[in-house]
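Hello,

Here is the structure for your files. My notes on it follow below.

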Amino acid sequence: MHRSDGQTPNNVDSAMRKAQTALYLRVSTREGLNRWNNLEAQLVRSDINLYLNPGGFPIIVNDQLIGAIGVGGATGGDEACGYEALTKVLGPQPPMSKPMPFGGIGNEPPPVAPAAAPQTR
């Protein structure tokens, strides 16, 4: 683990938990957040200690997961910092997930069309 000067214990813990979550899920913490982006979905998963905050990434080399990185402490820049570091050191990584509004807006499955009423004569 690497820690920059001036980082508080909270920032270090945040980075570590983001890395653990990315490793556990095998996707970025942003992708996990987008997948379960409402309070009910996150509470259901709270007992497995997922830390669904942007800034954690799996490390992929030759299509193999070899570890994870977590970045904490940057004011709004954890995710960009982590992704830039990964791509600069290891080359292309899976693309970053786009942020989705909290509360399930925008990522719900498409509505199912109602069944057609039977024809009567």
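E1 (residues 56–61) and E2 (residues 64–70) form a hairpin with two residues between them. In the turn, asparagine 62 has a positive phi of about 50 degrees. The two strands pair in the antiparallel sense over six bridges. Pairing here takes at least two DSSP bridges between the strands. Isoleucine 59 stands opposite glycine 67 in E2. Helices (H or I, at least four residues) and strands (E, at least two) are DSSP runs, numbered from the N terminus.

This is a predicted model: local features need pLDDT of at least 70, side-chain atom pairs count only at pLDDT 80 or more, and totals for chains, interfaces and linings use all residues. Residues are numbered from 1 along each chain as its sequence is written, and side-chain values use heavy atoms, with hydrogens and water left out.

The mean pLDDT (the predictor's confidence in each residue, from 0 to 100) is 80 for the chain. 78% of the residues reach 70 or more.

Now look at glutamine 93. It sits in the segment after helix H4 (78–90). Glutamine 93 counts as buried because its relative accessibility is 10%; buried means under 20% relative accessible area, exposed over 50%, partly exposed in between (1.4 Å probe, protein chains only). Isoleucine 60 is 33 residues away in sequence, yet the C-alpha to C-alpha distance is 6.5 Å. A polar atom of the glutamine 93 side chain lies 2.9 Å from the backbone oxygen of isoleucine 60.

Best wishes

Conventions
Polar contact = N/O pair within 3.5 Å; in protein donor to acceptor, adjacent residues only side chain to side chain.
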